[in-house]
Amino acid sequence: EGKMRIALFVCLAILVLVLVGLAIYLSIGYYCYRKVLARRGGFKRKIEIKNNLELEIDDSPIKYFKEGFVKISIVSNDDLSLKGFYKDNGKNKLALLMHGYGGSHFEISRYAQLFEARGYDILAIDRRAHGESEGDFLTMGLYESYDLKAWIEKMLQIRPEYKIVLFGISMGASSTCMALGEKLPSSVVAAISDCGFSSADAQLSYLFKKMHFGSCYKIFCSFVKKNKNLDIKKISAVDKLKKSQVPVLFFHGACDDFVPTRMVHLLYDSVPESRRQLCIIQGAGHTKSLATDEKQYKKEFNKFLDKYLM
């Protein structure tokens, strides 16, 4: 009887330890998911608040999108209503622009104006879980790349003769690169990636270490794989670019400490020499290349589009 009590105690102790371990695993995994990927996540919200404060200081992006733009929408493959802001200038060229992590279409107004100056129609989209689009969480460019393909198909329904240039900054840039690995219509003739990351794994592991959460990273990856069907290890812009036939211009700030500058070289090396162009802007931080050296940015931007007759 004494041995049975001891055995029962040991079994209960093991069960308690397993349950405590499971509770810790779930708590850490959920906390990290909420902080980084959820729509209302703490890290994402900090960036959104910063962007909103900047709009209060300079409301020119809000004014820009009030002039001649109409709101349009699509339904994603997983039944989310996604919003875009479309300006029809009556052209047969379209720039399709994607903002970055924690941003919205307002974030890319200056880039849209560069395209408009060259006679483009404009579509600036709110990515899933951002702005006016639906979605409870973002997917580090994976589902966003599928969304981008759906937007391309939508715009070709509006104007079948469109020649389309894709443009993205930060996570929008990586989403753009990933979309290039999909089977896209031949109407997509070029793409511009500004400060995109090479892979979700490389980017998130870097950020977790930077935020002193490095020890939680494996738990986070396991949690989102099991609970959100999102395998961080397999989300790679580099791998997708290797399948693409579209010419790509890469911008990156030399002082980018959010998406390390080394990542752009991995992206650049994934595209054949005949179809790639790279511009590193000295002194520029994350998404600050245009603001830091507008002259050099415009020069490379126009050279690239001139080369591909756009």
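Residues are numbered from 1 along each chain as its sequence is written. In this predicted model, local features need pLDDT of at least 70 and side-chain atom pairs count only at pLDDT 80 or more, while totals for chains, interfaces and linings use all residues, and side-chain values use heavy atoms, with hydrogens and water left out.

Reader: Which helix gives the largest share of the lining of the largest pocket?

Author: On a 1 Å grid over the protein atoms alone, a pocket is an open set of points with protein on both sides within 12 Å along at least five of seven lines, and lining residues have an atom within 4 Å of a point. The largest pocket has 41 lining residues, and K50, N51, E54, E107 and K288 lie nearest its centre. Two or more residues each come from α2 (42–57), α3 (60–64), α4 (109–117) and α11 (289–292), where helices are DSSP runs (H or I, at least four residues) numbered from the N terminus. The largest share, eleven residues, comes from α2.

Reader: How much space lies in the largest pocket, and how does its lining divide by class?

Author: Here Ala, Val, Leu, Ile, Met, Phe, Trp, Tyr, Cys and Pro count as nonpolar, Asp, Glu, Lys and Arg as charged, and the others, Gly among them, as polar. On that basis the lining has twelve nonpolar, 15 polar and 14 charged residues. A volume is the space filled by probe spheres set on the grid points, which are joined across faces, edges and corners, and for the largest pocket this space is about 1,100 Å³.

Reader: Which residues lie closest to the centre of the largest cavity?

Author: A cavity is a set of grid points where a 1.4 Å probe fits but cannot get out, and the structure holds two of 30 Å³ or more. The largest cavity contains about 110 Å³ of space, and its lining has eleven nonpolar, two polar and no charged residues. Helix α7 (residues 200–210) gives the most to this lining, with three residues. Among the 13 lining residues, those closest to the centre are Y101, M171, Q203, L207 and F258.

Reader: How many charged residues line the second largest cavity?

Author: The second largest cavity holds about 40 Å³ of space and is lined by L82, M98, I125, D126, R127, R128, E144, D147 and W151. Helix α5 supplies the largest share of this lining, three residues. By class there are four nonpolar residues, no polar ones, and charged residues numbering five.

Reader: How are α5 and α6 oriented to each other?

Author: The axes of α5 (residues 142–158) and α6 (residues 171–179), which are lines fitted to C-alpha atoms over the stretch in contact, come within 8 Å and cross at roughly 65°. Angles between N-to-C directions run from 0 to 180 degrees; those under 35 degrees count as roughly parallel, over 145 as roughly antiparallel, 65 to 115 as roughly perpendicular and the rest as oblique. The two helices are therefore roughly perpendicular.

Reader: Which residues of α12 make the contact with α4?

Author: α4 and α12 (residues 294–307) pack at about 50° with their axes 11 Å apart, and they are therefore oblique to each other. Contact means heavy atoms within 4.5 Å. From α4 the contact takes R110, Y111, L114 and F115, and from α12 it takes E294, Y297, K298, F301 and L305.
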